[in-house]
Amino acid sequence: MRRDLAGRVVLITGASRGIGRRAAARLAKLGATLALTARSHDDLAKLVAELKAVGAKAEAFPGDITRPDDRERIVAGTVAAFGRLDVLVNCAGVCSFGEFSTSSEEVVRKVLEVNFFAPVELIRLCAPHLSRSYEAGPDGWRPAVVNVASICGRWGIPSMSEHCASKHAFVGLTESLRGEFERFGIDVLLVLPGLV
């Protein structure tokens, strides 16, 4: 389903670089109103300034989405600033390289926290706002959660075990939520990039 995103409020995580940054630039061209979050205050501020310079409507909500207080502040700030939330795009992520035998519990917990637990809880916070967006829009427009996972969510790749595990979990959650969120009028979309 194609959406007209002009004027729609889109929250993008991991927006200061990589896929998140590119998504922000592309959505700005489509007229979306952008709430952008990332840990890097300076990079995020620079991006917002660049987007505003070309006429985009964008605000920065810096924070660490692995922290519950930051997640709550980011979502509440977005809704307070723009009055609603129409789309959540989960781009934030980390990767791990190296064989499992040389890794540690600390590494696997960090990767799963960033790539799985944090976006899961962000979805939980955003879902009521997305549902209200659907209820307020009699024109048939549907809000969405867009989860950017990885091809590593479909195939286990040697020397990337923690990353693959986190992305497999994220893919499974996404496919499960697609059915659950249908009754709320929220589409749940999955993106599986290859090399970035």
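In which helix does Thr 78 lie? Thr 78 sits in helix H3, residues 68–82. The model is predicted: local features need pLDDT of at least 70, side-chain atom pairs count only at pLDDT 80 or more, and totals for chains, interfaces and linings use all residues. Residues are numbered from 1 along each chain as its sequence is written, and side-chain values use heavy atoms, leaving out hydrogens and water. Helices (H or I, at least four residues) and strands (E, at least two) are DSSP runs, numbered from the N terminus.

- Thr 78 counts as buried, at 1% relative accessibility. Buried means under 20% relative accessible area, exposed means over 50%, and partly exposed lies in between (1.4 Å probe, protein chains only).
- Neighbours within four places in sequence aside, Thr 78 is in contact with Val 9, Leu 11, Ala 35, Phe 61, Gly 83, Arg 84 and Leu 85. Contact means heavy atoms within 4.5 Å.

**Packing of H1 and H2**

- Helix H1 covers residues 18–29 and helix H2 covers residues 41–53. They pack at an angle of about 20 degrees, with their axes 11 Å apart. That angle makes H1 roughly parallel to H2.
- Axes are lines fitted to C-alpha atoms, for helices over the stretch in contact, and angles run from 0 to 180 degrees between N-to-C directions. Angles under 35 degrees count as roughly parallel, over 145 as roughly antiparallel, 65 to 115 as roughly perpendicular and the rest as oblique.
- From H1, Arg 21, Ala 24, Ala 25 and Ala 28 meet Asp 43, Leu 47, Glu 50 and Leu 51 of H2. By class, this contact has five nonpolar, no polar and three charged residues. Ala, Val, Leu, Ile, Met, Phe, Trp, Tyr, Cys and Pro count as nonpolar; Asp, Glu, Lys and Arg as charged; the others, Gly among them, as polar.

- Ala 56 is in the loop between H2 and strand E3 (57–60). Ala 56 is buried, at 13% relative accessibility.
- With neighbours within four places in sequence left out, Ala 56 is in contact with Ala 28 and Leu 51. Ala 28 of H1 and Leu 51 of H2 are also among the residues listed where those helices meet.
- The C-alpha atoms of Ala 56 and Pro 158 are separated by 42 Å, and the two residues are 102 residues apart along the chain.

**Aromatic pairs**

- The whole structure holds two aromatic pairs. The rings of Phe 116 and Phe 117 form an edge-to-face pair, with centres 5.2 Å apart and planes at 70 degrees. Rings of Phe, Tyr and Trp (its six-membered ring) pair if their centres lie within 6.5 Å; planes under 30 degrees apart count as stacked, over 60 as edge-to-face and the rest as tilted.
- Phe 116 is buried at 16% relative accessible area, whereas Phe 117 is partly exposed at 42%.
- The rings of Phe 181 and Phe 184 have centres 5.9 Å apart and planes at 75 degrees, so this pair is edge-to-face. Phe 181 is buried at 8% relative accessibility, while Phe 184 is partly exposed at 31%.

**Loops on either side of H5**

- Ser 159 is in the loop between strand E5 (144–148) and helix H5 (161–180). Ser 159 has a positive phi of about 70 degrees, although it is not a glycine. Ser 159 is partly exposed, with a relative accessible area of 33%.
- Arg 183 is in the loop between H5 and strand E6 (187–191). Arg 183 counts as exposed, at 64% relative accessibility.
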